[in-house]
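Thanks for making time for this. I would like to go through some charged side-chain pairs with you, and then turn to one helix and its surroundings.

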Amino acid sequence: MASIRRTLSPYHDRPYQNGGNPFSIESASHKVLYNGKASSTLPSFGLGILKFFAGGLFPKNSRKGVNSWKKWIYRCSMFFSLGFLLGMAPFGGVEDVRRRDFSFDESFVAKPVEIVKEENVKNLVVEKPEENFVVDKVELGVVDVNKRFDFVPRKQLIVVTPTYNRALQAYYLNRLGQLLRLVPPPLLWIVVEMNAASLETADIVRKTGVMYRHLVTKKNLTDIKDRGVHQRNTALEHIERHKLDGIVYFADDDNIYSLELFESLRAISRFGTWPVAMLAQSKNKAIMEGPVCNGSGVIGWHTNEKSKRLRRFHVDMSGFAFNSTILWDPKRWKRPTSDPIRQLDTVKEGFQETTFIEQVVEDESQMEGIPPGCSRIMNWHLHLEAREVSYPRGWLLQKNLDVVISNNS
């Protein structure tokens, strides 16, 4: 039979108020904890845990006189370990979380939107509600979803303008620039000068607010037959080198253009042409030069001068526009050759237009007449500028744009 040895107590069996001893080992649990030989009913692992916690909660008094601070450190570490284990112990399973209903109340459930078919929208009428509103009824029309979200970007317009030093240069550039300012973007204005870019021209073009590029043609004026041909070729080389995508239009600064013309240019696919009104060389009558159209197809040409009847295409320089990709993407348009498309300075005056167009298209079947039927004049070539402008005595033309009064007057 196992013997039980009673531990020594510092109180030496001092009686308690109710007649007992506060540290007397009377209960079975105390006997189990402090018995040197544990009961066989507890497993060895459980007995070790009980002894571990019992030693911390109910420490024995050492006969060797261990200091009290070591006891407090031991007890604090025991309670910390106990709290950590309790915090890490799961008190509920995953199944408890799965059983809980986290769904919203029925009042918060989003209901599907009722889609009204297009046939029903035509005759849909919202009747007047019971409250007093100003509007009696609202009639809803049909909304074409395909047209609403079918966004097609505008084609870029590339307007090429050769300019040179003369008395009315500032007036012409300001007039054309203010017109281009009204054209919806995207639009690129390429202004080309001879030999050097003047600050006056750059200042006028910049103040218009139009996106522009200021180019210079470096040629010897003594070897040039037509200055405008080389300036336009400089712009064509720039477009081809940078592969600018858009509709190219040669707009001289002294011509008169309507806003409708620039709006119609974006409808061109490959090459578009239209009639141009102009004054005859005698300036005593107006003539028209350009295509005769059946719808958007070109079937003939208007011409009045006998000297120009030998031309293949009777078009003014400001009476046509073309897709810029023809210059740098010959495979797309199935061009027979990949030679650069340029205007020729070696041909007779008045034949620059037809020789250039012959490099772009083969015949009238590849042309588009605008507007349909070619029934409207959208720009005018009037030739109103005098070749020699005489100023009053003492007036000088400083640089290329501004007229000033000489100090010697």
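In this predicted model, the side chains of aspartate 253 and arginine 166 come together in a salt bridge, with an N to O distance of 2.7 Å. The two partners sit 87 residues apart and link distant parts of the chain, since aspartate 253 belongs to the loop between β6 and β7, residues 256-257, while arginine 166 belongs to the loop between β3, residues 157-162, and α7, residues 169-181. Are these two side chains buried or exposed? Aspartate 253 has a relative accessible area of 3% and is buried, and arginine 166, with a relative accessible area of 6%, is buried as well.

How many salt bridges does a search of the whole structure find? It finds eight, and I will take up two others here.

One of them joins aspartate 203 to arginine 206, where the closest N and O atoms are 3.0 Å apart. Both residues lie in helix α8, residues 199-207, and because they are three residues apart there, about one helical turn separates them. As for accessibility, aspartate 203 counts as partly exposed at 26%, and arginine 206 is also partly exposed, its relative accessible area being 48%.

The other is formed by the side chains of glutamate 364 and arginine 312, which meet with an N to O distance of 2.8 Å. Here again distant parts of the chain are linked, 52 residues apart, with glutamate 364 in the loop between α12 and β13, residues 368-369, and arginine 312 in the loop between β11, residues 297-302, and β12. Glutamate 364, at 18% relative accessibility, counts as buried, the cut-off being under 20%, whereas arginine 312, at 36%, counts as partly exposed.

The buried residues are Gln352, Glu353, Thr354, Thr355, Phe356, Ile357 and Val360. As to what covers these buried residues, the elements include the helices α9, residues 227-242, and α11, residues 325-328, together with the strands β6, residues 247-250, β8, residues 271-273, and β12, residues 320-323.

Key:
Residues numbered from 1 in each chain as written. Predicted model: local features only at pLDDT ≥ 70, side-chain atom pairs only at ≥ 80, totals over all residues. Heavy atoms only, no water. Buried < 20%, exposed > 50% of the residue type's maximum accessible area, 1.4 Å probe, protein only. Helix = DSSP H or I, 4+ residues; strand = E, 2+ residues; numbered from the N terminus. Contact = heavy atoms within 4.5 Å. Salt bridge = Lys/Arg side-chain N within 4 Å of Asp/Glu carboxyl O.
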